[in-house]
Amino acid sequence: MSLLNVKVLNKALPTFILGLFLSSYTSNIDSKLSNNQLTPPRLITSTEIIADNSSEQAAIKLLIDRQFKALNERNPEAYMATVDPNSPGFQPTKSTISEVFKRNLKYEPTKIEILGISGNEAKVRIEQTTTKIEGPPFRDNKMIILHTLRKSNGEWKFFSSVPENIQYLN
């Protein structure tokens, strides 16, 4: 991801929590990709989806519900409980989450697609709408984000997130 794209994302997502992941995760991604130190996200094919995944899907949907509840309640502890402690964005998010919650925003998932589950990893695409309730200027938006989830101590957690699309509503 180029520096320009990171600047655009930082401007477009000034209060969205995933911007915190991206600021720490993408700053060196181009050099890591070119040096084969990091592989790009891989979509899991349907043949890799585990046979009996209804309970896994339910656990993933519960995790998503918990994260959106934490976002809307502006609860940093509850939010961090949904993030994998092994994620490269965990510490930067933990140290800046309180700043994010100073804005009064409403986060609403409008579409959730579980693209695949393979072992301890899942790919989920979430379309969400973020709107200002009150406070300083904010551009309401609809985003589509591809999330990688991983199991941590037997529980699904958010590991990384990449915005695929953003549409401003105002």
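The legends below describe close-up views of a predicted model. Residues are numbered from 1 along each chain as its sequence is written, and side-chain values use heavy atoms, with hydrogens and water left out.

**View 1. The largest nonpolar core has 23 residues.** A nonpolar core is a set of buried Ala, Val, Leu, Ile, Met, Phe, Trp, Tyr and Cys residues joined through side-chain atoms within 4.5 Å; buried means under 20% relative accessible area, exposed over 50%, and partly exposed in between (1.4 Å probe, protein chains only). Ile-60, Ile-64, Tyr-79, Leu-149 and Trp-156 have the most contacts inside this core. At least two of its residues come from each of helix 4, helix 5, helix 6, strand 1 (104-118), strand 2 and strand 4. Helix 4 gives the largest share, six residues. Helices (H or I, at least four residues) and strands (E, at least two) are DSSP runs, numbered from the N terminus. Leaving aside neighbours within four places in sequence, Ile-60 is in contact (heavy atoms within 4.5 Å) with Ile-114, Ile-117, Ala-122, Val-124, Leu-149 and Trp-156.

**View 2. Helix 6 (residues 90-100) has the buried residues Phe-90, Thr-93, Ile-97 and Val-100.** These residues lie on the same side of helix 6 because they cover an arc of only 70° around the axis, taken from the directions from the helix axis to the C-beta atoms. The face turned away from this buried side carries exposed Gln-91, Ser-95 and Glu-99.

**View 3. Asp-140 is buried and has no salt bridge.** A salt bridge is a side-chain nitrogen of Lys or Arg within 4 Å of a carboxyl oxygen of Asp or Glu. Asp-140 lies in the loop between strand 2 (121-134) and strand 3. The nearest side chain of opposite charge, Lys-132, is 7.0 Å away; Lys and Arg count as positive and Asp and Glu as negative, with His and the chain ends not counted. The side chain of Asp-140 does reach the backbone nitrogen of Lys-132, at 2.8 Å.

**View 4. Arg-74 has a positive phi of about 50° although it is not a glycine.** Arg-74 sits in the loop between helix 4 (54-73) and helix 5 (76-80). Arg-74 is partly exposed, at 34% relative accessible area.

**View 5. Asn-153, also not a glycine, has a positive phi of about 55°.** The loop holding Asn-153 runs between strand 3 (141-152) and strand 4 (155-168). Asn-153 is exposed, at 81% relative accessibility.

Note on methods:
This is a predicted model: local features need pLDDT of at least 70, side-chain atom pairs count only at pLDDT 80 or more; totals for chains, interfaces and linings use all residues. A polar contact is a pair of N or O atoms within 3.5 Å; within protein, one must be able to donate a hydrogen and the other to accept it, and residues adjacent in sequence count only if both atoms are side-chain atoms.
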